[in-house]
Amino acid sequence: MTGDDDRIRHPDPEDRLVLAPDCSRCPALVESRTRISWGTGSRDANVFVVGEAPGAGDPDAETWKGGNHTGCAYTSRHSGRRIRRLVRDLGYGDDCFFTNAAKCHPENDRDPTETELTNCRGHLETELEVVDPAVVVTTGKHATATLLAFEGIELDGFLDAVCEPIDCPTLGVTCLPILHPSYQEVWLSRLDLSDAEYRERISERLP
Ligand code: SF4
């Protein structure tokens, strides 16, 4: 762990916004999850980050074990720290809420099914009502698709939507799709963007 990473705060499990402690709407995910990974962060946040679903995680890690083990969204060693570092660097470390579209880990890190995303959309809607953010930053194609489903919007291609704000009048927010932190390097080169240019684009579109 670098000194820079040391300054990324791990969320306090007591801070979780637990909506249904034993939710069992998705039978396959009840089997595959260790814990439900609930959202954490400021309940007054302007920025609301949505990922896809928690990965398997590492129960033997010292701290960043992943949401499947901590019960807190975006607490994996790689993706969790990376997105939290980005948000902090852009000045929103204390003005952000982190959650996932599906809050339970799917076996072998498969994508959540449409049914599972639909099942969990009610929890996401409640989180949005509680936090009432200005901008919802969706990390990756699946998180973006599940947010836009509230609006009946389907994307033709995800890459064209990266860093392009989408008005969501039903939710009363702006959706800002960004790259999934796990695949950021690969896709930045496809977009012909440097990391600094990418960060600048995101920053320009935040409140
Ligand atoms: S993914 Fe969401 S809806 Fe499905 S069991 Fe987990 S918490 Fe419940």
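Q: How many cavities of 30 Å³ or more does the count give?
A: The model is predicted: local features require pLDDT of at least 70 and side-chain atom pairs pLDDT 80 or more, whereas totals for chains, interfaces and linings use all residues. Residues are numbered from 1 along each chain as its sequence is written, and side-chain values use heavy atoms, without hydrogens and water. A cavity is a set of points on a 1 Å grid over the protein atoms alone where a 1.4 Å probe fits but cannot get out. The count of such spaces of 30 Å³ or more is two.

Q: Which helix gives the most to the lining of the largest cavity?
A: Helices here are DSSP runs of H or I with at least four residues, and strands are E runs of at least two. At least two lining residues come from each of helix H2 (27-32) and H5. The largest cavity takes the most, three residues, from H5.

Q: Where does the ligand sit?
A: Cys23, Arg25, Cys26, Leu29, Arg33, Ile36, Lys103, Cys104, Asn119, Cys120 and His123 surround the ligand, each with a heavy atom within 4 Å. Helix H5 (residues 114-131) gives the most to this shell, namely three residues. With more than half of its atoms within 2 Å of the grid points, the ligand sits in the largest cavity.

Q: How many charged residues does the shell around the ligand hold?
A: Asp, Glu, Lys and Arg count as charged; Ala, Val, Leu, Ile, Met, Phe, Trp, Tyr, Cys and Pro as nonpolar; the others, including Gly, as polar. The lining of the largest cavity divides into nine nonpolar, three polar and three charged residues. In the shell around the ligand, six residues are nonpolar and two polar, and the charged ones number three.

Q: Which helix supplies the largest share of the lining of the second largest cavity?
A: The second largest cavity, of about 60 Å³, is lined by Val47, Ile83, Leu86, Val87, Leu90, Tyr92, Val137, Ile178, Ile202 and Leu206. By class, this lining has ten nonpolar residues, with no polar and no charged ones. The largest share, three residues, comes from residues 79-89, helix H4.

Q: How many strands does the protein chain have?
A: From the N terminus, the elements run α-α-β-β-α-α-β-α-β-α-β-β-α-α. The C-alpha trace spans about 45 × 40 × 30 Å along its principal axes. Besides eight helices, the number of strands in the protein chain is six.

Note on methods
1 Å grid on protein atoms, 1.4 Å probe; cavity = no way out; pocket = protein on both sides within 12 Å on 5 of 7 lines; lining within 4 Å. Points joined across faces, edges and corners; volume = space filled by probe spheres on them.
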